[in-house]
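Here's my quick note for you to read with the model open. Have a look at the picture and follow along.

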Amino acid sequence: MSYGSGGYNPYQPAGAGYSDGYSAPPGAYPPQNAQVSPEAQRWFSMVDRDRSGKINSEELQRALVNGRGEHFSDTSCKLMISMFDNDASGTIDVYEFEKLYNYINQWLQVFKTYDQDNSGHIDENELSQAFIQMGFRFSPEFIQFLVKKSDPQNRKEVSVDQFIVVCVQIQRFTEAFRQRDTQQNGVITIGFEDFLTVALGCSV
């Protein structure tokens, strides 16, 4: 299940409808199906090394490799598990995994659109263009902040697992913001405790 080698296929079409900047990202709410696709079932069996019928972040981390040949970060794998861990058990079953599988594939489609040399990373300008595709027009200063936050080694680039972390965090904050933006004008007034609730609730 590696991004750099193109081993994680098929790439699903990234959804549309992001013009208001509030829409859910592609794959965040994939349809629930009673039947698991053969491809998702095959990947689940590969990831579920202890044959428990559940996978945790450690098993997921061992299965995912970014374009640099490095395993996805611990943070990104825990975040991805938590996205679909409905019972807060720290694990997901095959049905929850299928949603995660679709989710990853669709984010990879967005990422790969801008990672044209298949290097496994994108720069500031490419990250900005990716967000524009998803309906977010961020300032250059904010994009620089995101890259610096994601890349402590200061290589001024974002790997695919870092990209997923940033996108999910932005999704979570966007949903929290939208709930409070009753006028839909992009401005909210928020109390201190409510702010802390949002910040702590959206943190990985």
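The points below cover a helix pair and some salt bridges.

1. Before you start, remember that this is a predicted model: local features need pLDDT of at least 70, side-chain atom pairs count only at pLDDT 80 or more, and totals for chains, interfaces and linings use all residues. Residues are numbered from 1 along each chain as its sequence is written, and side-chain values use heavy atoms, with hydrogens and water left out.

2. Let's take the helices (DSSP runs of H or I, at least four residues, numbered from the N terminus). Helix 3 (residues 74-84) packs against helix 7 (residues 160-180) at about 45 degrees, and their axes (lines fitted to C-alpha atoms over the stretch in contact) are 9 Å apart. That makes the two helices oblique to each other; angles under 35 degrees count as roughly parallel, over 145 as roughly antiparallel, 65 to 115 as roughly perpendicular and the rest as oblique.

3. How many salt bridges does the structure hold? There are four, where a salt bridge is a side-chain nitrogen of Lys or Arg within 4 Å of a carboxyl oxygen of Asp or Glu.

4. One of them joins Asp 74 and Lys 78, at 3.2 Å from N to O. Both sit in helix 3, four residues apart, or about one turn of the helix. Asp 74, at 33% relative accessible area, is partly exposed (buried is under 20%, exposed over 50%, partly exposed in between, with a 1.4 Å probe and protein chains only).

5. Another pairs Arg 180 with Asp 194, at 2.9 Å from N to O. This pair links distant parts of the chain: Arg 180 is in helix 7 and Asp 194 in helix 8 (residues 192-202), 14 residues apart.

Methods:
Axes are lines fitted to C-alpha atoms, for helices over the stretch in contact, and angles run from 0 to 180 degrees between N-to-C directions.
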